[in-house]
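Here is a short briefing on one chain. Look over the sequence and the fold before reading on.

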Amino acid sequence: LCLQVPELEKATVRIRQPERVREIIQSLREQGVTKLQVISDFDMTLSRFGCNGRRCPTSHNILDTSRVISEDGKKKLKDLLHYYYPIEIDPNRTLEEKRPLMVEWWTKAHELLVQQKIHKGDIAQIVRESEAMLRDGFKEFFDQLHKNNIPLFIFSAGVGDILEEIIRQANVFYSNVNVVSNYMDFNDDGVLTHFKGPLIHTYNKNNTVLQGTGYFQQLSTRTSIILLGDSMGDLTMADGVPSVENILKIGFLNDKVEERRGKYLDSYDIVLESDETLDVVNGVLRYILAE
(Lines give C-alpha, C1' and ligand atoms only; values in the text may rest on other atoms or scores of the structure.)
Protein backbone atom coordinates (compact mmCIF):
# COMPACT_ATOMS: atom_id res chain seq x y z
CA LEU A 1 0.00 0.00 0.00
CA CYS A 2 2.78 2.41 0.96
CA LEU A 3 4.55 1.72 -2.32
CA GLN A 4 1.51 3.09 -4.13
CA VAL A 5 0.83 5.94 -1.69
CA PRO A 6 3.94 6.72 0.40
CA GLU A 7 1.95 9.28 2.44
CA LEU A 8 0.19 6.36 4.16
CA GLU A 9 3.41 5.80 6.12
CA LYS A 10 2.80 8.99 8.07
CA ALA A 11 2.55 8.51 11.83
CA THR A 12 -0.92 10.08 11.83
CA VAL A 13 -2.41 7.31 9.66
CA ARG A 14 -4.41 4.39 11.05
CA ILE A 15 -5.99 1.68 8.93
CA ARG A 16 -7.89 -1.31 10.27
CA GLN A 17 -8.03 -3.27 6.99
CA PRO A 18 -5.00 -2.42 4.86
CA GLU A 19 -5.75 -5.10 2.26
CA ARG A 20 -9.26 -3.81 1.71
CA VAL A 21 -8.00 -0.23 1.42
CA ARG A 22 -5.41 -1.35 -1.12
CA GLU A 23 -8.16 -2.97 -3.21
CA ILE A 24 -10.38 0.11 -3.09
CA ILE A 25 -7.55 2.45 -4.11
CA GLN A 26 -6.58 0.07 -6.90
CA SER A 27 -10.20 -0.04 -8.15
CA LEU A 28 -10.45 3.75 -8.05
CA ARG A 29 -7.36 3.93 -10.22
CA GLU A 30 -8.61 1.29 -12.68
CA GLN A 31 -12.03 2.94 -13.02
CA GLY A 32 -10.23 6.10 -14.02
CA VAL A 33 -10.65 9.83 -13.68
CA THR A 34 -13.94 10.10 -15.60
CA LYS A 35 -15.72 7.99 -12.97
CA LEU A 36 -14.36 9.82 -9.94
CA GLN A 37 -15.98 12.41 -7.68
CA VAL A 38 -15.01 13.74 -4.26
CA ILE A 39 -17.61 14.37 -1.56
CA SER A 40 -16.35 16.31 1.43
CA ASP A 41 -17.39 17.97 4.63
CA PHE A 42 -15.96 21.48 5.10
CA ASP A 43 -15.45 22.54 8.72
CA MET A 44 -12.53 20.69 10.33
CA THR A 45 -12.18 18.52 7.22
CA LEU A 46 -11.09 20.90 4.48
CA SER A 47 -10.48 23.59 7.07
CA ARG A 48 -8.00 23.12 9.90
CA PHE A 49 -8.99 22.01 13.38
CA GLY A 50 -6.13 23.80 15.08
CA CYS A 51 -2.94 25.76 14.59
CA ASN A 52 -0.10 26.29 17.10
CA GLY A 53 -2.15 24.79 19.90
CA ARG A 54 -5.21 26.95 19.24
CA ARG A 55 -8.53 25.84 17.82
CA CYS A 56 -9.34 27.20 14.38
CA PRO A 57 -12.86 28.52 13.84
CA THR A 58 -15.65 26.73 11.99
CA SER A 59 -17.78 28.76 9.57
CA HIS A 60 -20.35 29.24 12.35
CA ASN A 61 -17.62 30.29 14.84
CA ILE A 62 -16.31 32.88 12.37
CA LEU A 63 -19.69 34.55 12.35
CA ASP A 64 -20.45 33.99 16.06
CA THR A 65 -17.26 35.70 17.23
CA SER A 66 -17.10 38.48 14.62
CA ARG A 67 -17.50 42.20 15.26
CA VAL A 68 -21.01 42.19 13.75
CA ILE A 69 -22.37 40.17 16.70
CA SER A 70 -23.32 42.00 19.93
CA GLU A 71 -21.66 40.95 23.21
CA ASP A 72 -24.97 39.54 24.40
CA GLY A 73 -25.36 37.60 21.15
CA LYS A 74 -21.83 36.19 21.47
CA LYS A 75 -22.52 35.02 25.00
CA LYS A 76 -25.77 33.29 24.01
CA LEU A 77 -24.13 31.57 21.04
CA LYS A 78 -21.28 30.37 23.25
CA ASP A 79 -23.74 29.02 25.82
CA LEU A 80 -25.45 27.02 23.07
CA LEU A 81 -22.09 25.60 21.95
CA HIS A 82 -21.15 24.55 25.48
CA TYR A 83 -24.49 22.84 25.94
CA TYR A 84 -24.90 21.09 22.59
CA TYR A 85 -21.36 20.31 21.36
CA PRO A 86 -20.72 17.64 24.04
CA ILE A 87 -23.99 16.02 22.95
CA GLU A 88 -22.93 16.14 19.29
CA ILE A 89 -19.69 14.21 19.91
CA ASP A 90 -20.90 11.94 22.74
CA PRO A 91 -20.07 8.39 21.58
CA ASN A 92 -22.64 6.93 24.00
CA ARG A 93 -25.71 8.63 22.57
CA THR A 94 -27.59 7.25 19.59
CA LEU A 95 -28.19 9.22 16.40
CA GLU A 96 -31.92 9.08 17.17
CA GLU A 97 -31.25 10.90 20.44
CA LYS A 98 -28.91 13.41 18.85
CA ARG A 99 -30.87 14.44 15.76
CA PRO A 100 -33.69 16.45 17.39
CA LEU A 101 -31.15 18.14 19.68
CA MET A 102 -29.01 19.17 16.72
CA VAL A 103 -32.08 20.67 14.99
CA GLU A 104 -32.77 22.55 18.22
CA TRP A 105 -29.18 23.87 18.39
CA TRP A 106 -28.94 25.00 14.76
CA THR A 107 -32.41 26.58 14.87
CA LYS A 108 -31.64 28.57 18.01
CA ALA A 109 -28.23 29.65 16.65
CA HIS A 110 -29.71 30.77 13.34
CA GLU A 111 -32.45 32.72 15.13
CA LEU A 112 -29.82 34.50 17.21
CA LEU A 113 -27.84 35.38 14.07
CA VAL A 114 -30.93 36.77 12.36
CA GLN A 115 -31.51 39.08 15.35
CA GLN A 116 -28.06 40.59 14.72
CA LYS A 117 -29.11 42.21 11.41
CA ILE A 118 -25.97 41.01 9.64
CA HIS A 119 -25.13 42.78 6.39
CA LYS A 120 -24.24 40.83 3.27
CA GLY A 121 -21.56 43.41 2.46
CA ASP A 122 -19.71 42.59 5.71
CA ILE A 123 -19.09 38.91 4.99
CA ALA A 124 -15.87 39.22 2.98
CA GLN A 125 -14.35 41.42 5.69
CA ILE A 126 -15.53 39.10 8.50
CA VAL A 127 -13.74 36.20 6.79
CA ARG A 128 -10.60 38.26 6.14
CA GLU A 129 -10.41 39.22 9.82
CA SER A 130 -10.99 35.65 11.03
CA GLU A 131 -8.46 32.93 11.78
CA ALA A 132 -9.98 30.54 9.26
CA MET A 133 -7.42 28.30 7.63
CA LEU A 134 -7.71 25.58 5.04
CA ARG A 135 -5.60 22.48 5.66
CA ASP A 136 -2.02 22.41 4.43
CA GLY A 137 -1.99 21.07 0.87
CA PHE A 138 -5.38 22.58 0.00
CA LYS A 139 -4.08 24.24 -3.13
CA GLU A 140 -2.82 21.00 -4.64
CA PHE A 141 -6.10 19.31 -3.67
CA PHE A 142 -8.37 21.89 -5.33
CA ASP A 143 -6.02 22.33 -8.30
CA GLN A 144 -5.74 18.59 -9.05
CA LEU A 145 -9.50 18.13 -8.97
CA HIS A 146 -10.10 21.17 -11.17
CA LYS A 147 -7.42 20.29 -13.69
CA ASN A 148 -8.84 16.77 -14.10
CA ASN A 149 -12.50 17.90 -14.17
CA ILE A 150 -13.31 15.90 -11.06
CA PRO A 151 -16.44 17.23 -9.32
CA LEU A 152 -15.94 18.31 -5.71
CA PHE A 153 -19.16 18.29 -3.73
CA ILE A 154 -18.92 20.07 -0.38
CA PHE A 155 -21.69 19.08 2.00
CA SER A 156 -21.64 21.29 5.07
CA ALA A 157 -23.71 21.89 8.16
CA GLY A 158 -21.91 25.23 8.45
CA VAL A 159 -22.79 28.60 6.93
CA GLY A 160 -22.57 28.42 3.14
CA ASP A 161 -21.93 32.14 2.60
CA ILE A 162 -18.94 32.06 4.97
CA LEU A 163 -17.33 28.87 3.69
CA GLU A 164 -17.72 29.96 0.05
CA GLU A 165 -15.95 33.19 0.95
CA ILE A 166 -13.09 31.26 2.62
CA ILE A 167 -12.59 29.20 -0.56
CA ARG A 168 -12.90 32.32 -2.73
CA GLN A 169 -10.29 34.21 -0.70
CA ALA A 170 -7.96 31.20 -1.04
CA ASN A 171 -8.39 31.54 -4.83
CA VAL A 172 -9.58 27.95 -5.31
CA PHE A 173 -13.32 28.40 -5.91
CA TYR A 174 -13.30 26.64 -9.27
CA SER A 175 -16.16 25.68 -11.56
CA ASN A 176 -16.05 22.02 -10.45
CA VAL A 177 -16.89 22.95 -6.83
CA ASN A 178 -20.51 22.59 -5.73
CA VAL A 179 -21.67 23.45 -2.20
CA VAL A 180 -24.76 22.40 -0.26
CA SER A 181 -24.95 24.15 3.08
CA ASN A 182 -27.00 26.54 5.24
CA TYR A 183 -27.29 29.76 3.27
CA MET A 184 -28.40 33.13 4.56
CA ASP A 185 -31.21 35.04 2.90
CA PHE A 186 -30.90 38.82 2.73
CA ASN A 187 -33.53 41.45 2.00
CA ASP A 188 -33.21 44.21 -0.62
CA ASP A 189 -31.12 46.25 1.80
CA GLY A 190 -28.67 43.34 2.17
CA VAL A 191 -29.73 42.55 5.74
CA LEU A 192 -30.02 38.94 6.94
CA THR A 193 -33.69 38.02 7.39
CA HIS A 194 -33.57 34.24 7.69
CA PHE A 195 -31.70 31.09 6.66
CA LYS A 196 -32.90 29.23 3.58
CA GLY A 197 -34.12 25.68 4.07
CA PRO A 198 -33.68 22.82 4.42
CA LEU A 199 -31.69 22.98 7.64
CA ILE A 200 -28.49 20.93 7.45
CA HIS A 201 -26.96 19.77 10.73
CA THR A 202 -24.28 17.20 11.59
CA TYR A 203 -26.61 14.22 11.47
CA ASN A 204 -28.83 14.72 8.43
CA LYS A 205 -26.18 14.94 5.73
CA ASN A 206 -27.82 12.52 3.33
CA ASN A 207 -30.18 12.45 0.39
CA THR A 208 -33.17 13.65 2.45
CA VAL A 209 -31.79 17.20 2.28
CA LEU A 210 -30.63 16.74 -1.30
CA GLN A 211 -34.01 15.90 -2.76
CA GLY A 212 -34.74 18.31 -5.54
CA THR A 213 -31.14 19.38 -6.09
CA GLY A 214 -30.62 16.65 -8.71
CA TYR A 215 -26.88 17.06 -8.24
CA PHE A 216 -25.99 13.40 -8.02
CA GLN A 217 -28.37 12.46 -10.82
CA GLN A 218 -26.37 14.65 -13.21
CA LEU A 219 -23.27 12.77 -12.09
CA SER A 220 -24.76 9.29 -12.29
CA THR A 221 -21.70 8.03 -14.19
CA ARG A 222 -19.41 9.14 -11.35
CA THR A 223 -19.57 5.86 -9.45
CA SER A 224 -16.14 6.10 -7.76
CA ILE A 225 -16.10 8.22 -4.63
CA ILE A 226 -13.56 9.59 -2.23
CA LEU A 227 -15.43 10.73 0.87
CA LEU A 228 -13.79 13.07 3.39
CA GLY A 229 -15.26 13.81 6.79
CA ASP A 230 -14.50 14.37 10.46
CA SER A 231 -17.63 13.07 12.17
CA MET A 232 -19.91 10.05 12.20
CA GLY A 233 -22.56 12.20 10.52
CA ASP A 234 -20.34 12.65 7.46
CA LEU A 235 -20.48 8.94 6.62
CA THR A 236 -23.92 9.30 4.99
CA MET A 237 -22.90 12.11 2.63
CA ALA A 238 -22.72 9.79 -0.38
CA ASP A 239 -26.18 8.33 0.25
CA GLY A 240 -27.69 10.30 -2.62
CA VAL A 241 -25.34 8.84 -5.24
CA PRO A 242 -27.33 6.49 -7.52
CA SER A 243 -24.93 3.54 -7.95
CA VAL A 244 -21.70 3.59 -6.01
CA GLU A 245 -19.12 1.10 -7.26
CA ASN A 246 -16.14 2.10 -5.13
CA ILE A 247 -15.99 4.36 -2.12
CA LEU A 248 -12.94 5.27 -0.04
CA LYS A 249 -13.83 6.92 3.26
CA ILE A 250 -11.12 9.05 4.84
CA GLY A 251 -11.84 10.40 8.32
CA PHE A 252 -10.08 13.18 10.20
CA LEU A 253 -10.07 12.38 13.91
CA ASN A 254 -9.34 15.80 15.35
CA ASP A 255 -10.54 15.71 18.92
CA LYS A 256 -10.73 13.24 21.84
CA VAL A 257 -8.62 10.86 19.80
CA GLU A 258 -8.21 7.99 22.31
CA GLU A 259 -11.86 7.94 23.23
CA ARG A 260 -13.19 7.96 19.66
CA ARG A 261 -10.51 5.98 17.80
CA GLY A 262 -12.35 2.63 17.84
CA LYS A 263 -15.52 4.09 16.40
CA TYR A 264 -13.64 5.90 13.64
CA LEU A 265 -11.65 2.82 12.68
CA ASP A 266 -14.91 0.85 12.47
CA SER A 267 -16.44 3.45 10.15
CA TYR A 268 -13.70 5.02 8.02
CA ASP A 269 -11.26 3.12 5.79
CA ILE A 270 -8.40 5.50 6.61
CA VAL A 271 -8.31 7.50 9.85
CA LEU A 272 -6.02 10.53 10.18
CA GLU A 273 -5.32 11.40 13.79
CA SER A 274 -4.56 15.03 14.62
CA ASP A 275 -3.30 15.57 11.07
CA GLU A 276 -3.75 19.17 9.87
CA THR A 277 -2.81 18.38 6.27
CA LEU A 278 -4.36 16.97 3.11
CA ASP A 279 -1.14 15.02 2.42
CA VAL A 280 -2.77 11.59 2.46
CA VAL A 281 -5.72 12.70 0.35
CA ASN A 282 -3.37 14.32 -2.16
CA GLY A 283 -1.18 11.20 -2.20
CA VAL A 284 -4.18 8.98 -2.95
CA LEU A 285 -5.31 11.36 -5.70
CA ARG A 286 -1.83 11.47 -7.22
CA TYR A 287 -1.76 7.68 -7.39
CA ILE A 288 -5.26 7.41 -8.90
CA LEU A 289 -4.53 10.12 -11.47
CA ALA A 290 -1.05 8.91 -12.43
CA GLU A 291 -0.82 7.91 -16.10
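What percentage of the 291 residues of the chain count as buried? The figure is 55%, where buried means under 20% relative accessible area with a 1.4 Å probe, protein chains only. This is a predicted model: local features need pLDDT of at least 70, side-chain atom pairs count only at pLDDT 80 or more, and totals for chains, interfaces and linings use all residues. Residues are numbered from 1 along each chain as its sequence is written, and side-chain values use heavy atoms, leaving out hydrogens and water.

**Overall build**
- The chain holds 10 helices and 11 strands; these are DSSP runs, helices (H or I) of at least four residues and strands (E) of at least two, numbered from the N terminus.
- The radius of gyration, taken over C-alpha atoms, is 19 Å, close to the 19 Å from the globule rule for 291 residues, so the chain is as compact as a globular protein of that length. That rule is 2.2 Å times the number of residues to the power 0.38.
- The C-alpha trace spans about 55 × 40 × 35 Å along its principal axes.
- Of the contacts (heavy atoms within 4.5 Å) with a separation of 6 or more, 71% come from residues 24 or more positions apart.

**The sheet**
- An open, mixed sheet of 7 strands runs in the order β1-β11-β10-β9-β2-β5-β6. Two strands pair if DSSP finds at least two bridges between them.
- Its edge strands, β1 (13–14) and β6 (177–182), each pair on one side only.
- β1 and β11 (residues 270–273) run antiparallel, joined by 2 bridges.
- R14 sits opposite V271 in β11.

Definitions and conventions: Buried means under 20% relative accessible area, exposed over 50%, partly exposed in between (1.4 Å probe, protein chains only).
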